[in-house]
Amino acid sequence: MGDLQIKKQPKKYDAIIVGSGAGGGMAAYVLANAGLKVCLIEAGPMFDPKTDSNQLKNPWESPRRGASTKYRPFGDFDGCYWGWEIDGEPYIHKGDTKWEWWRARMLGGRTNHWGRISLRFGPKDFKRRSIDGLGDDWPIGYDDVKPYYDKIDQMLGVFGTNEGLPNDPDGIFLPPPKPRLHELFIKKAATNIGVPVIPSRLSILTKQINKERGQCFFCAQCGRSCKVYGDFSASSCLVIPALKTGNIDLVTNAMAREVLTNNEGLATGVSYVNKDDLQEYQVTGKTVILAASACESARLLLNSKSRRFPNGLANSSNVVGKYLHDSTGADMGGIIPELFDRKRYNEDGVGGMHVYTPWWLDNKKLDFPRGYHIEYGGGFGMPVYGFNWGIENLNGTYKIKGKQKEAGGYGASLKEDYRYFFGAHIGMAGRGEAIAREDSLCEIDPTVVDKYGIPVLRFDTKYTDYEIKQAKHMKETFSEILHSMGAITTWGGDDGPHNDYGLHPPGNIIHEAGTVRMGNDPKKSPLNKWSQAHDVKNLFCVDGGPFVSQADKNITWTILALSMRTSEYIVDQMKKQNLG
Amino acid sequence: MDRRNSIKALIIGSLSTGVLIEACKPDEKKAIVNDPNSKVTGPTINRMKEEEEHYKQVIASTFFTPEEMATITILADIIIPKDEISGSASDAKVPDFIEFIVKDMPEHQVPLRGGLRWLDMRSLKKFEKPFKNCAHDQQMQLVDEIAWPKKAKPEVMPGVAFFNLMRNLTATGFYTSEMGGKDVGYIGNAPNQWNGVPADVLKQYNLAYTEKELKECVNFDKV
C-alpha cells in the first residue's frame, strides 16, 4: 500500500445519504424517485433478502443449531450482521453506565431482522410535556405526521384493526392473522382482569399489495428477512427498488468519518473510509442526510469539527448526543399446564405475535409517568439451540401423562417429557416509554478511536425511578395475567428491588433515539421541525435522532413517516433553490 | 415439482403464496426444506466473511480426546436412546454436535472436560475402571447417582451439574436434528396459509373465535 491519500470523487450529487436503514432507505427512495442524484453510503455489505436470507433453513443447517454468536446475537439464522459488539469498533461506558449499543452493518440495517411492530404515535405522544411536565413537546403534532403514516401504510403494508383508541390511532390496515391457541388463552385471561388484547400491527403482507412483493406464507421467520419481500425491510422495499431508478450510486462497506463543510458553513459532502481497500474517500453533494442510527449520526456530527464548528457540526445548542433514550423493557415467561400434550399442527403464523396489548391505563393514577405495551410469544416454535433447556426443573414438577416423575432422568421416559411439554410455553415482554433527559447522553470519548481512527462514543446514562417503577408495574401485570390463565411462571419471576425489577439495561431494546432532536428553539435543539439543522440548512437527520420522545411504541414506523416528510420537504426546497 | 424449481418459485416475489402451495404436493413440499444432501456445516447458510473465518477456525482443531468422545457417546445414548418413535442421540450425530459446540462456546469446555474426569474418578473408585470400560449395569449405577438432582447425595453434586449439562446439550443436539424435530412433532418451516386454530382444537379447549375476529382476520377458507 502506498502513502495514504484522499480520493475525491468528482461527481457532485444532489444528496448524500449516510446509512441505508429505515430512515436512509426512505430518503433514498423518495429522492431517487423525484429524479435527484443520490450517493448512498452504507457501512456494511450489500444484502438482498431474496438471495441472502436464511429463511426456511432447518436448525441442523446451522452447525450451532441457531445459537447466537457475536456476529449474530439473535441467532445464527437472524437477518442482521453484527449487533452488540463489532470487531475493531469499540464504545465506552462512563461510570457505572450499562448502555448496550446494537449496530447493524449491512444494506437495510437492522430492518432486515426487526419485529415489524409498526405502531403510529398518538396525539398525546407528541405533547407529553404538556401532559405530565416531563421532557419536551415535539414542535409538530399527530396531524402533521398522519398523512405520512397513511402513505406508508399503503405503500409498505401493515396489518391490524381499527379500534378507535384515542392514542393508538387507526390506520389503513391489511387483515391481521387469527390468534394462535396460546394467544386465545392470553386474550381470555388478560381481558378477564381488565387488560385489553387486540390484533397486533405488523408490517407483513397478509395480502399482496403490488407486483414487486409476495404475500406472507406464514413461516414465522421475519427475523431472518423475507425472500419474497413479504414483510418490510429497508433493503427489499426501499433501497433495492430505488436502485432501479438509476439515480443512486450505492457505496457499501463505507464507514463515514466526517461531514465536510465550506467557509459559508454549509455541508459540502462526506468523507469515509472504504473498509475493503482501507483508502480514504470524499464525495460531494448539495445536501447531506444523516441516517446512520441515532447514536452514529450524533457521533458523526460531534466528530465533524472545524474552526467554524468547534463543538461539532449543527451543535451550537450543545445538545447533540443528549436526550438519548431507549424503550424500557421487562419480561416474564410461563407454562400453561392446560396446553401439555397438545395436538400437533403448524402454527408458525407470521413472524411475531398475532395479538398485543396497547397501553391501557391512566398515568395520573399511577406512580410512574409513561406507559408501555405488552408483546406476547409462545407455542410450537422451531426447536433451536437451547430447546427445553433445564427440563430437570420441569419434569418433576407436573404429572406427566398422569404419572408423578422424579426430576431429571434420562431415557425413553425423558423423551416422553420433551414431547409432553412442547408448545406449552409462553412469554410476555413489556416495552415502555422512558423519559428523554439532558443528562442521558453519548459523547465523544477523549482518547479512544476505532480501527479506522475515528473517535468513538462514550455513553453516560442510567435509568431513574420512573423507569424502574414502570418495570415493577409490568412485572405485576405479567404475574396477574399468568395467574389468570392458570399458568405457572418459569422465568423472570424472581426480579425485584434488588435488580430494578428485571428492567433491561438501556439500549438493550434497540430503540435508541433523541440524540439529534428537533425543536423550534435553536438553543435547545439541533434540528428544526423538518429535521433540518438549525445551524446548517442543507444538513438533515432522518433516523431515530430527531425524536423528542419516543412513546410506548416501537419507533420504526415513525422514523419512516418522518423521513418521508423530510425527504419531500428536501425535494420541494431544492426545487425552490433554498438549500444551496 | 423438483427441488430446484420449488426454490425458484419461492424466490420469485410476484408469485402469490396460493400458487406456491398448490404447486407443491404435501410430500414434495418437504423437498424444499429437507435437503438430504445438505451437510451439517456452515456454508449452506448465509455468512458474512468474518463468520466464515470464525467457522474455519472453530473446525480447525479437535477438542475432545477419543476416550472422552467415547464416554460422551455412551452418556448421550443413555439420555436419548432409540425408542419406538425415533433413534438415539448418536443416530442423530449428537456427539459431533457436542464436539463442535464446545469449540464455538468455550464456556462449556471446563464443565464438560472436568465432569468427564469426575465421572471417571468416581468409576475408578467404585469399579476400578474408567466409565466407558464398565459393564452396562455398572455404568447405569454411576448414572443413577447423578441423574436425579432432587434425590442425589450431596457428595455427587458435581456429577449432577455435569449430567444436567450433558442432558441439556444432548437434548438440544437431538431435537434440533431432523430426526429429533420429527420426534417432538414440530410441523412448520414450510410455506402455508395460517387459517387459525383447527376447529377440533378450539373445541377441545372450549374456545371460539369471536365474530369480530372472523370478520376482520385474513381468511383462507375455500369459498
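Trainee: Among contacts in chain B between residues at least 6 apart in sequence, what percentage join residues at least 24 apart?

Mentor: This is a predicted model, in which local features need pLDDT of at least 70 and side-chain atom pairs count only at pLDDT 80 or more, whereas totals for chains, interfaces and linings use all residues. Residues are numbered from 1 along each chain as its sequence is written, while chains are lettered from A and ligands numbered from 1 in the order in which they are written. Two residues are in contact if their C-beta atoms, placed from the backbone, lie within 7 Å. Among the contacts in chain B between residues at least 6 apart in sequence, the part that joins residues at least 24 apart is 56%.

Trainee: How many helices does the secondary structure of chain B come to?

Mentor: Helices (H or I, at least four residues) and strands (E, at least two) are DSSP runs, numbered from the N terminus. Read along its sequence, chain B gives the pattern α-α-α-α-α-α-α-α-α-α-α-α. There are zero strands in chain B, and the number of helices is 12.

Trainee: Which element gives the largest share of the side of chain A that touches chain B?

Mentor: The contact involves 74 residues of chain A and 68 residues of chain B. On the chain A side, the elements that give two or more residues are α2 (49-52), α5 (181-192) and α8 (411-421). The largest share, six residues, belongs to α8(A).

Trainee: In which hand does α1(A) pass α10(A)?

Mentor: With axes fitted to C-alpha atoms over the stretch in contact, and angles running from 0 to 180 degrees between N-to-C directions, helix α1 (residues 22-33) and helix α10 (residues 556-575) of chain A pack at about 35°, their axes 8 Å apart. Among the residues that meet are A:Met26 and A:Val30 in α1(A), and A:Ile559 and A:Met564 in α10(A). A crossing counts as right-handed if the near helix is turned clockwise from the far one by less than a right angle, and left-handed if anticlockwise. The crossing of α1(A) and α10(A) is right-handed.

Trainee: Which residues touch the most other members of the largest nonpolar core?

Mentor: A residue is buried if 20 or more other C-beta atoms lie within 10 Å of its own, exposed if 12 or fewer, and partly exposed in between, and a nonpolar core joins buried Ala, Val, Leu, Ile, Met, Phe, Trp, Tyr and Cys residues through C-beta atoms within 7 Å. Leaving aside neighbours within four places in sequence, A:Val38 has contacts that include A:Tyr13, A:Leu31 and A:Ile248. Of the 200 residues in the largest core, those touching the most other members are A:Ile17, A:Ala28 and A:Val38.

Trainee: Which are the edge strands of the open sheet of six strands?

Mentor: Two strands pair if DSSP finds at least two bridges between them, and the order here is β4-β10-β11-β12-β9-β15 of chain A, with antiparallel pairing. Strand β9 (residues 328-335) and β15(A) share three bridges, with A:Ile335 partnered by A:Ile488. Helix α9 (residues 465-484) lies across β9, β11, β12 and β15 of chain A, at about 20° to β9(A). Pairing on one side only, the edge strands are β4 (198-199) and β15 (488-491) of chain A.

Trainee: Which residue takes a positive phi in the hairpin of β6(A) and β7(A)?

Mentor: Strand β6 (residues 254-261) of chain A has seven of its eight residues buried, and seven bridges join β6(A) to the antiparallel strand β7 (residues 267-274). A:Met255 stands opposite A:Val273. Five residues lie between the strands of this hairpin, and the residue with a positive phi, near 80°, is A:Gly265.
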